[in-house]
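Hello,

Here is the structure I promised to hand over. Please open it first, then read my notes below.

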Amino acid sequence: MAPPRIVISDNGKVDENKERGNWSNGIEFILSCLSYAVGLGNIWRFPYLCYRNGGGAFLIPYTIVLIFMGLPLFFLELAFGQFASEGPITIWKIAPLFQGLGYAMVLMSFLVGIYYNMILAWSLFYLFSSFTSQLPWSSCENWWNTNACRRFDTKNCTTHNGTVLANGTCILRQMVSSEEWSVLSNSTDNTKMASDEYFHNFVLDLTEGLHDLGSIKWQLALCLLACWVLIFFCLVRGVKTIGKVVYFTALFPYVVLVILLIRGATLDGAYDGVMFYLTPEWHRLKEAKVWVDAAMQIFFSLSPCWGGLITLASYNRFHNNCFRDSIVITFGNCATSFFAGFVIFSIVGFMSHELGVPVSEVAAQGAGLAFVAYPEAVARLPVSPLWSFLFFFMLMTLGMGTQFTLIETVVTTIVDTWPHRLRRNKHYVLLICCITMFLCGLVICTEGGMYVLQLLDNYCASFSALLIAIIELVVIGWIYGIDRFLEDIKVMLGQYPFHYQYWRSIWKVVTPLSIVGVLVFSWIDLHPTEYGSYVYPDWATAVGWIVSMFSVSAIPIVACIQISKTEGPVGKRIKMLIQPTEDWGPKLQMHRMETRSPKHTDSQVPLALPNYDPDSFDFPDDLSKEVDGQQDDTSDSEGLKLNIPTYPNHETGL
């Protein structure tokens, strides 16, 4: 009987890697990466940085940094994860001495995942609060309001350079002495909006500082629990579930942004807000801080060195065009940030017109924009609950996309470390991770939780991520060798990425030095953490540094453990540990045959071939085991050897 004719199908319906699984198609991978990269920072941080650093002129350093730092890091991690099909820890077979990089990435993702979900819980709280005929922050007639709440329309007063007291009296500059005017101008009695008091007095019930955390707010704890339950069910089937959910989480925010932009463009003052956002201040390009801000925004928007990109790419098919995907995702992410600026500043311009104050006094970033300025604006719109619902639903979907990858990174790492025990029980690993991170997040549900969140946000993924990026580039570019890495990419893509010398120089020299520069300037310009008027004490800054170095400390610790476990002189141990192991390379044997990676015995026989069940065929005893005309001298346990042609251009992410 003739042996069966086995055909490789490129329709993507059958997993190439049966043990780990693959994305159902390239579009799901692109949307997952886009959903991971496009997060809350695109909405509440980029527009603020743009206006603060020279308006339209800020786009010049932003684009330059994208080309020379953001895109190279993004492409490097996608290619790295796709080539080896490994999680952030096990992938460091490329240089076992630096396996601590993987642990550092996972620890950082774990810490960020804890507080990031709290922001989603706040958004969920506001989402529920929007189901009413009148938004609760639209007036000052509530029990949580104080005399500082603005009860009157201040526009007529502020237009004439006056200020409104808590009782509604308008005081003009010429009516009082200079000393009295200074006191009135700096008084907090006339600076609180209704939305401000709703957020800080009702939602958070904020304490006086980090030293007083207070009790747990049960409403926030329930919202946090609901978010973790939602995360669990969206991830329970791994990339198969994520691939379907991201069609919504990645695309729906764009629908809402378009709707909000159309509505914002019709508001009074929208034009002034947008022009304030775009008007270039060319002289600002001479300031180093502008370039550092651009680099930090690019770096943290694309989220390399958190392990998420390696994790997502590890589920790709081996010949997926990750180079093209990188270009589409990085430029798509930055275009989203720029577009979101029009939406935000049209609303900010409206607020400026309503309150009669300059746009600069209304513009804010972070929680101040999402939970104070924007809610105040929508409260002044007709059918305000609808706009509030759309905005906070958009925030939730944006945040969910990022959170999915953060949690999948942690879970994938644990499962890949003990695959034989945990791969079939991955849902239990996910459940334990969600429960653990929920319990850790309860501290942010306290009355002083905002101070904890701000501290974590400033230190968890700032300096540590930059340090990880530098070491990662040195390991791949100098120790493993950038030429070898480009050869690996050539095997996957069928050709070198254009242009070879550009990528060779950018990964070895330009990007590492750029990140070093950002790190140095960040340290020089370092200030104590602040939230509003509250300045964090020195001990809190020390805690922040401990949190920041907690993840990075895994790098030297794991290196020392690896050296101690290896035999021989120390110099010989280190030399051995910076070389790739025999297991380094593509996960599947049929792909290892295309590289110089050593052949190994894998458990997939015959190697993820669709429509083929090895138990359904009876092969004759004299079936030839020749591959490419060469006699196979391996044992039968490796399974049937096949000469399988590859079609690198067929498997693309587009």
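Residues 24 or more positions apart make up 80% of the chain's contacts (heavy atoms within 4.5 Å) with a separation of 6 or more. This is a predicted model: local features need pLDDT of at least 70, side-chain atom pairs count only at pLDDT 80 or more, and totals for chains, interfaces and linings use all residues. Residues are numbered from 1 along each chain as its sequence is written, and side-chain values use heavy atoms, leaving out hydrogens and water.

The chain has 654 residues, and 56% of them are buried (under 20% relative accessible area, with a 1.4 Å probe and protein chains only). It has 26 helices and four strands (DSSP runs numbered from the N terminus: H or I of at least four residues, E of at least two).

The axes of helix 14 (residues 322-355) and helix 16 (residues 367-378) come within 9 Å and cross at roughly 60° (lines fitted to C-alpha atoms over the stretch in contact, with angles from 0 to 180 degrees between N-to-C directions). Val343, Ile344, Ile347, Phe350 and Met351 in helix 14 meet Leu369, Ala373, Tyr374, Glu376 and Ala377 in helix 16.

The peptide bond from phenylalanine 498 to histidine 499 is cis, with omega near -5°. Histidine 499 sits in the loop between helix 21 (463-493) and helix 22 (500-524). Serine 303 has a positive phi, near 60°. Its loop joins helix 12 (288-302) and helix 13 (308-313). Serine 303 is buried, at 3% relative accessible area. Valine 383 also has a positive phi, near 55°. Valine 383 is exposed (over 50%), at 58% relative accessibility.

Best wishes
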